[in-house]
Amino acid sequence: MESSANPLNLSMDAPKWVTARFAATMSTSAPAPVPIWWLAKHGLTNFEQDASVDSDGQFNWEEYIAAGTDPTNPASFFHTRVGQGSLLLSWPSATGRVYDVQQTLAVEPGAWSAVPTWTNLSATPPMNSVVHPTSAMTNAARFYRTVGRMADD
Ligand SMILES: [Ca+2]
Ligand SMILES: [Ca+2]
């Protein structure tokens with residue numbers, strides 16, 4: 001028997017094994033739900049998920065979705081770093097997230113495209129990184145960004 005009923009009534013008239021999987025209670029306000037436990041861990045409420053209490057430019061819900069960065073610490077935010085001397089990209093990551101690296105030759109809306117070999121990258125907390133092969137480098141200026149999402153989306 002498998003059920004998502006809440007509450008679940010189960011007759012225990014004989015020895016039985018019961019396995020329970022608990023799902024986190026999620027916030028209800030738009031645009032993306034985040035676990036209430038995560039908000040509470042940072043002293044926030046359901047009503048503050050659309051805010052940025054640390055003024056780092058990322059909403060609380062964005063901090064959760066992208067990499068679980070600290071929504072109360074302005075130095076903790078989702079961003080892509082470029083290494084020196086080679087094209088090393090790195091970004092903070094968290095378990096349960098998937099990342100895509102996108103590129104463009106000019107920063108324009110809609111001009112971004114996925115880098116085929118750098119899509120659906122599983123998180124390797126606390127940081128993910130990729131290295132652009134030297135053989136694939138050109139003299140053309142290119143911009144990169146990283147997009148994070150929950151793995152089950
Ligand atoms: Ca923030
Ligand atoms: Ca932050």
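Helices (H or I, at least four residues) and strands (E, at least two) are DSSP runs, numbered from the N terminus. In this predicted model, local features need pLDDT of at least 70 and side-chain atom pairs count only at pLDDT 80 or more, while totals for chains, interfaces and linings use all residues. Residues are numbered from 1 along each chain as its sequence is written, and chains are lettered from A and ligands numbered from 1 in the order in which they are written. The protein chain holds two helices and seven strands, arranged along the sequence as α-α-β-β-β-β-β-β-β.

**Overall dimensions**

- The protein chain is more spread out than a compact globule, because its radius of gyration is 20 Å, well over the 15 Å that the globule rule gives for 153 residues. This radius is taken over C-alpha atoms, and the rule is 2.2 Å times the number of residues to the power 0.38.
- The C-alpha trace spans about 75 × 35 × 25 Å along its principal axes.
- Buried residues make up 19% of the 153 in the protein chain. A residue is buried if 20 or more other C-beta atoms lie within 10 Å of its own, exposed if 12 or fewer, and partly exposed in between, with C-beta atoms placed from the backbone.
- Of the contacts between residues at least 6 apart in sequence, 47% join residues at least 24 apart. Two residues are in contact if their C-beta atoms, placed from the backbone, lie within 7 Å.

**Domains**

- The domain assignment gives domain 1 (24–78) and domain 2 (81–150); such bounds come from an automatic or database domain assignment.
- The centres of the two domains, taken over C-alpha atoms, are separated by 23 Å.
- Contact between them involves six residues of domain 1 and eight residues of domain 2.
- The side of domain 1 that touches domain 2 has four nonpolar, two polar and no charged residues. In this classification Ala, Val, Leu, Ile, Met, Phe, Trp, Tyr, Cys and Pro count as nonpolar, Asp, Glu, Lys and Arg as charged, and the others, Gly among them, as polar.

- Helix 2 (residues 60–67) is largely enclosed by the rest of the structure, because eight of its eight residues are buried.
- The buried residues are Asn-60, Trp-61, Glu-62, Glu-63, Tyr-64, Ile-65, Ala-66 and Ala-67.
- They pack against helix 1 (36–41), strand 2, strand 3 (97–104) and strand 7 (143–150).
- Gly-68 follows helix 2 and has a positive phi, near 65°.

**His-42**

- His-42 lies in the loop between helix 1 and helix 2.
- His-42 counts as partly exposed because it has 16 C-beta neighbours inside 10 Å.
- Apart from neighbours within four places in sequence, His-42 is in contact with Asp-70, Pro-71 and Thr-72.
- Its C-alpha atom is 30 Å from that of Ala-5, which is 37 residues away along the chain.

- Three strands form an open sheet in the order 1-2-6, with antiparallel pairing. Two strands pair if DSSP finds at least two bridges between them.
- Strand 1 (81–82) and strand 6 (127–131) are the edge strands, each pairing on one side only.
- Strand 1 and strand 2 run antiparallel and are joined by two bridges; Val-82 has Leu-89 of strand 2 as its bridge partner.
- Strand 2 (residues 88–92) and strand 6 also run antiparallel, joined by five bridges.
- Leu-89 has Val-130 of strand 6 as its bridge partner, and Pro-92 stands opposite Met-127 in strand 6.
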